[in-house]
Amino acid sequence: MAQHITANAAKLAYERAGVAPQDISMAEVHDATAIGEIVQSENLGFCEFGAGGALAESGATTLGGRIPINTSGGLESKGHPIGATG
């Protein structure tokens with residue numbers, strides 16, 4: 001199965017930095033749509049592919065969770081204005 005370009009980029013970045021997904025303590029990801037956080041949490045290796053929804057539902061991606069994601073509220077909270085966030 002072909003991997004998403006983000007998964008390939010994340011793997012290379014982790015290798016170059018000498019870290020692994022479990023070494024990351026928080027993340028801000030591109031979430032222009034509701035599925036964005038789920039897809040990117042999988043691509044970044046924070047969970048297995050297909051388990052991003054369960055990860056979010058478990059509370060692991062909230063403040064105080066195992067891997068808080070988009071603690072700023074993400075792009076959706078900002079209305080994702082055209083041009084301003086790209």
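A residue is called buried when its relative accessible area is under 20%, exposed when that area is over 50%, and partly exposed in between (1.4 Å probe, protein chains only). This is a predicted model, where local features need pLDDT of at least 70, side-chain atom pairs count only at pLDDT 80 or more, and totals for chains, interfaces and linings use all residues. Residues are numbered from 1 along each chain as its sequence is written, and side-chain values use heavy atoms, with hydrogens and water left out.

Two residues show how the accessibility cut-offs work.

| Residue | Relative accessibility | Class |
|---|---|---|
| Gln40 | 15% | buried |
| Ala51 | 25% | partly exposed |

Gln40 sits in helix H2 (residues 36-43). Helices here are DSSP runs (H or I, at least four residues), numbered from the N terminus. Gln40 has contacts (heavy atoms within 4.5 Å). Leaving out residues up to four places away in sequence, Gln40 touches Thr6, Val29 and His30.

Ala51 lies in the loop between H2 and helix H3 (52-57). Its C-alpha atom is 8.9 Å from that of Ser41, ten residues apart along the chain.

Now for helix H1. Which residues of H1 are buried? They are Ala7, Ala10 and Tyr14. These residues cover an arc of only 60° around the axis, so they lie on the same side of H1. The arc is taken from the directions from the helix axis to the C-beta atoms. H2 is part of what covers the buried residues of H1. The face turned away from the buried side carries the exposed residues Ile5, Glu15 and Arg16. Just after H1, Gly18 takes a positive phi of about 70°.

Conventions. Helices (H or I, at least four residues) and strands (E, at least two) are DSSP runs, numbered from the N terminus.
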